[in-house]
Amino acid sequence: DDKGQATSMEDIQVIETAEEEKGPSTVQPMYSGDKLIPERFADCKRAPKIPNAGTPRKYASLVNDETVKPLLVEMLGELMRLQKRAIEEKNTKAKRRLVMGLREVARGIRAHKTKIVVMANNLDQYGAIDEKLQEIIDLAREESVPIFYEFNKRGLGKAIGKNIKIGVVGVQNAEGAHQQFKKLLSLANTHNVY
């Protein structure tokens, strides 16, 4: 008994000595090139990622309708093409059609600008992303904005003509792809994807 207690006391002393040697826990600043990353974003980068299984996560409820995915691809591709054209022509009066990223989409829903959200069904699973993800889902429900989860991150990137992974896209202006937009809204009402 005494021997077991002595080893545990020794273990505690070893741990305490190791902590003393480290000194006070200081967090190293993170840089992107030569720019300092703000601490609130650096925290996200330090968080351990849980490897993505590649399968849809629990938050994603897929619509059981084979017409949804082609409609989304057609609408997103056309809106992206029109948005790029407006930028190239330096048309300052043209409204943004699509916004990308968790923060931008959440901001768009709060401002009552986002009409449809297309979210990847396999977003990485860790604190900051899960919080923002839940915020978008809650805001969309409050504002009755339909959310489609038909793509994974890679597929969503391809749908808007980019060769990168994209987590979420918000449609703010459907001019130029209004037919697909209306069909998707009616499918959203039918399948209750709010």
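The second largest pocket of this predicted model holds about 210 Å³ of space. A pocket here is an open set of points on a 1 Å grid over the protein atoms alone, where a 1.4 Å probe fits, with protein on both sides within 12 Å along at least five of seven lines; lining residues have an atom within 4 Å of a point. A volume is the space filled by probe spheres set on the points, which are joined across faces, edges and corners. Residues are numbered from 1 along each chain as its sequence is written. Local features need pLDDT of at least 70 and side-chain atom pairs count only at pLDDT 80 or more, while totals for chains, interfaces and linings use all residues; side-chain values use heavy atoms, without hydrogens and water.

**Pockets**

- The second largest pocket is lined by Lys 95, Arg 96, Val 99, Glu 104, Arg 107, Gly 108, Ala 111, Lys 113, Lys 115, Gln 172 and Asn 173.
- Helix α4 supplies the largest share of this lining, 3 residues.
- By class, the lining of the second largest pocket comprises 2 nonpolar, 3 polar and 6 charged residues, where Ala, Val, Leu, Ile, Met, Phe, Trp, Tyr, Cys and Pro count as nonpolar, Asp, Glu, Lys and Arg as charged, and the others, Gly among them, as polar.
- The largest pocket has a volume of about 680 Å³. Of its 17 lining residues, Cys 44, Leu 102, Arg 103, Ala 128 and Ile 129 are the closest to its centre.
- Two or more residues of the lining of the largest pocket come from each of α2 (39-46), α4 (102-110) and α5 (127-143).
- The lining of the largest pocket contains 8 nonpolar, 2 polar and 7 charged residues.

**Chain and sheet**

- The chain has 7 helices and 6 strands, which are DSSP runs numbered from the N terminus (helices H or I, at least four residues; strands E, at least two).
- From the N terminus on, the order of elements is α-β-β-α-α-β-α-β-α-β-α-β-α.
- Of the 194 residues in the chain, 36% are buried; buried means under 20% relative accessible area, exposed over 50%, and partly exposed in between (1.4 Å probe, protein chains only).

**Strand β6 and its partners**

- Strand β3 (residues 98-100) runs antiparallel to β6, joined by 3 bridges. Leu 98 stands opposite Val 171, and Met 100 opposite Val 169.
- Strand β4 (residues 116-119) is also antiparallel to β6, with 4 bridges, and Val 118 stands opposite Val 169.
- In a regular strand the side chains alternate between the two faces of the sheet. In β6 (residues 168-171), Val 168 and Gly 170 point one way and Val 169 and Val 171 the other, and all are buried.

**Helix α7**

- Gln 180, Phe 181, Leu 184, Leu 187 and Ala 188 are the buried residues of α7. They lie on the same side of α7, because they cover an arc of only 125 degrees around the axis, taken from the directions from the helix axis to the C-beta atoms.
- Exposed Gln 179, Lys 182, Asn 189 and Thr 190 are carried on the face of α7 turned away from its buried side.
- His 191, found in α7, counts as partly exposed at 31% relative accessibility.
- The C-alpha atoms of His 191 and Leu 62 are separated by 9.7 Å, although the two residues are 129 residues apart along the chain.

Terms used: Pairing = 2+ DSSP bridges.
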